[in-house]
Amino acid sequence: MKIYTLKAKQNLPISLEKAWEFLSNPKNLKTITPDYMGFEIISGADREMYPGQIIQYIVTPMAGIKNKWVTEITHVVDKKHFVDEQRFGPYALWHHKHFIKEIPGGVEMEDIIDYKVPFGVLGQLVHPILVKPKLKEIFLYREKKLVELFGNFESNTKNQIIFS
């Protein structure tokens, strides 16, 4: 059983409060998801984020095939971090930790996703060809969209997307 990890970091020139307000609001996922993915929230995003919250989405990652994705917000520490876990969806495992911390001139966002693709060995063969490039594309889009919304962080620090 192979579990993959994706780590992404991005710095933004905004306050911790503004970052938390945007990133912890499930309704903003549509804004930072490529349009071609047909991302649509079905239910569960009508309240401020809380542990135990179930959010249902429809997403179309490839070939026009719609997928229902159900996540649970399992942990929330105000203005520090939250965790969403897939309860039903395209992955055999999806555990996504979102960290936000104040740094000079803004905030650092860090995502750590542990995931497992379905279909055993076949899924592992497809991972480097389809899954990994698609996830990288989604996170690059998100990075670009957040810069459009909040501006570019002026420093020597480069944003990172790392798979292991």
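Tyr 4, Trp 69, Tyr 91, Trp 94 and Tyr 115 are joined into a cluster by ring pairs, where rings of Phe, Tyr and Trp (its six-membered ring) pair if their centres lie within 6.5 Å, with planes under 30 degrees apart counted as stacked, over 60 as edge-to-face and the rest as tilted. The model is predicted, so that local features need pLDDT of at least 70 and side-chain atom pairs count only at pLDDT 80 or more, whereas totals for chains, interfaces and linings use all residues. Residues are numbered from 1 along each chain as its sequence is written, and side-chain values use heavy atoms, with hydrogens and water left out.

Across the whole structure, 9 aromatic pairs are found. Phe 39 and Tyr 57 form a tilted pair, with 5.0 Å from centre to centre and 40 degrees between the planes. This pair links distant parts of the chain, 18 residues apart: Phe 39 lies in the loop between helix 1 and strand 2 (40–43), and Tyr 57 in strand 3. Helices (H or I, at least four residues) and strands (E, at least two) are DSSP runs, numbered from the N terminus. Phe 39 is buried, at a relative accessible area of 10%, and Tyr 57 is buried at 7%; buried means under 20% relative accessible area, exposed over 50% and partly exposed in between (1.4 Å probe, protein chains only). The rings of Tyr 91 and Trp 94 have centres 4.7 Å apart and planes at 40 degrees, and this pair is therefore tilted. Both Tyr 91 and Trp 94 are buried.

Beyond its neighbours within four places in sequence, Tyr 115 is in contact (heavy atoms within 4.5 Å) with residues including Leu 6, Tyr 91, Trp 94, His 127 and Leu 135.

Glu 85 is located in strand 5 (residues 81–88). Its relative accessibility is 18%, so Glu 85 counts as buried. The side chains of Glu 85 and Thr 74 make a polar contact (3.2 Å), defined as a pair of N or O atoms within 3.5 Å; within protein, one must be able to donate a hydrogen and the other to accept it, and residues adjacent in sequence count only if both atoms are side-chain atoms. With neighbours within four places in sequence left aside, Glu 85 is in contact with Val 70, Thr 71, Glu 72, Thr 74, Trp 94 and His 95.
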